[in-house]
Each structure stands twice: as C-alpha cells, then as structure tokens.
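Trainee: I've got a model open and would like to learn how to read its features. Can you walk me through it?
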Amino acid sequence: MKKSVPWIALSILVLISMASWITYSTYKPTPPELEVAAAKHIMEVKPVTYTLRKWGRTASADMNIEPAVLARESTPLIVDSNDNVKLLFKQSPDAVKCYLWDMDTGRLAYKELTGYPLNFEEYNVASGDYALEVHAKWENGYVLYTARVIVHDNEQ
C-alpha cells in the first residue's frame with residue numbers, strides 16, 4: 001500500500017498536467033462584449049476586427065470592409081440628436097475613439113468622438129443614418145466594433 005501512494009499521486013499529477021496543457025493549447029482570447037444604449041434602447045454590438053493576446057496566445061480577425069457596408073444590414077439604434085449614447089463594455093478599455101460614417105455616401109462624417117457617454121449634441125451631429133465605428137484599446141490588444149445609428153433631430 002505504501003508503495004502505491006507515490007504512483008497514485010504521480011498519476012494524478014500527470015492527469016492534471018495533461019488537462020492543463022489541453023486547456024491552454026485550445027484557448028483563444030475573445031473580444032469583450034459591447035452594448036450601445038441610448039434613451040431606453042440597448043443593442044449588442046459584435047466585433048468586426050480585433051487582435052488580442054493573453055497567456056501567450058493570440059487571436060485576430062480582420063474585416064477589411066468600410067464600416068457603412070458592414071452596418072448596412074444591422075438593426076439600427078434610433079437616437080435623438082441630444083441623446084447620450086452609452087458604450088457598455090463587459091471589460092473597460094484603456095482608450096476609446098468613435099467615428100460616424102455616413103451610410104449614404106460611405107464617407108467619414110465625424111471623427112474621433114470621445115467621452116463616456118457620447119454626447120451627439122456636443123459634436124453637433126446632424127440628423128441622418130450613420131455607421132458608428134468604435135475603436136477600443138486594451139493592454140492586450142484592440143477591437144473595432146460597428147453599429148448602425150439613425151439620428152433624429154429632436155426639434156422636428
């Protein structure tokens with residue numbers, strides 16, 4: 001019995017090591033979730049481009065398509081021009097910059113919007129249909145999210 005205890009302990013240690021290695025070798029970092037909220041509407045936004053590193057593992061995806069094209073088929077978030085748009089990240093980023101792309105022309109309409117929450121009135125965002133591109137940066141990488149936003153002038 002005394003001779004079998006070290007063998008049992010060694011077997012358990014080997015099994016734990018193998019399970020740890022399998023977990024590590026199949027691990028893939030995933031981008032943090034993002035929800036965009038305005039007034040009483042909340043919309044989940046999927047990442048489109050990212051590069052993340054964790055535990056020596058790297059995951060990346062690259063959609064080399066204009067944000068207006070990516071957002072065209074998504075359900076829009078409808079906001080008033082004086083609404084605050086909140087970016088609700090599952091994990092808070094180190095830095096965030098937002099861009100609004102005109103859906104009709106595909107051109108950049110407003111660049112480097114910053115702030116938590118985003119105040120469209122502060123940037124004088126006109127009524128229109130936009131693709132909201134969110135650049136979020138963390139210590140271990142970056143993620144780009146794209147959502148469709150329709151801005152209505154509250155005076156109309």
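Trainee: Let's start with two tyrosines. Are Tyr110 and Tyr130 buried or exposed?

Mentor: This is a predicted model, so keep that in mind throughout. Tyr110 and Tyr130 are both buried. Their ring centres sit 6.0 Å apart with the planes at 70°, and planes over 60 degrees apart count as edge-to-face, so that's what this pair is. Tyr110 belongs to strand E8 (residues 108-113) and Tyr130 to strand E10 (residues 128-138), so the pair links distant parts of the chain, 20 residues apart.

Trainee: How many aromatic pairs does a search of the whole structure find?

Mentor: The search turns up 3. One of them is Phe89 with Tyr145, edge-to-face at 5.9 Å centre to centre and 65° between the planes. Phe89 lies in strand E6 (residues 84-89) and Tyr145 in strand E11 (residues 141-152), so this pair ties together parts 56 residues apart in sequence. Phe89 and Tyr145 are both buried. Ring pairs also bring in Trp138, giving a cluster of Phe89, Trp138 and Tyr145.

Trainee: And how do I read a nonpolar core?

Mentor: The general idea is that in soluble globular proteins, nonpolar side chains tend to be buried together. Here the largest nonpolar core has 31 residues, and Phe89, Phe120, Val134 and Tyr145 touch the most other members. A second, separate core has 6 residues, among them Trp101 and Met103.

Trainee: Which residues does Val134 touch, not counting those up to four places away in sequence?

Mentor: Its contacts include Leu34, Leu87, Phe89, Val143 and Tyr145, along with Lys97.

Trainee: What about sheets?

Mentor: Strands of a sheet pair through backbone hydrogen bonds, either parallel or antiparallel. In this model, an open sheet of 4 strands runs in the order E2-E1-E6-E9, with antiparallel pairing. Strand E2 (41-45) and strand E9 (118-119) are the edges, each pairing on one side only. E6 and E9 are joined by 2 bridges, and Val85 stands opposite Leu118 in E9.

Trainee: Last one: which side chains meet in salt bridges?

Mentor: The structure holds 2 salt bridges. In one, Glu44 meets Lys46 at 3.0 Å, N to O. Glu44 is partly exposed, at 46% relative accessibility, while Lys46 is exposed, at 54%. In the other, Arg148 meets Asp129 at 2.5 Å, N to O.

Trainee: Why do Arg148 and Asp129 count as buried?

Mentor: Buried means under 20% relative accessible area. Arg148 is at 17% and Asp129 at 19%, so both qualify as buried.

Methods: Residues numbered from 1 in each chain as written. Predicted model: local features only at pLDDT ≥ 70, side-chain atom pairs only at ≥ 80, totals over all residues. Heavy atoms only, no water. Core = buried A, V, L, I, M, F, W, Y, C linked by side-chain atoms within 4.5 Å. Buried < 20%, exposed > 50% of the residue type's maximum accessible area, 1.4 Å probe, protein only. Contact = heavy atoms within 4.5 Å. Phe/Tyr/Trp six-rings, centres within 6.5 Å; stacked < 30°, edge-to-face > 60°. Pairing = 2+ DSSP bridges. Salt bridge = Lys/Arg side-chain N within 4 Å of Asp/Glu carboxyl O.
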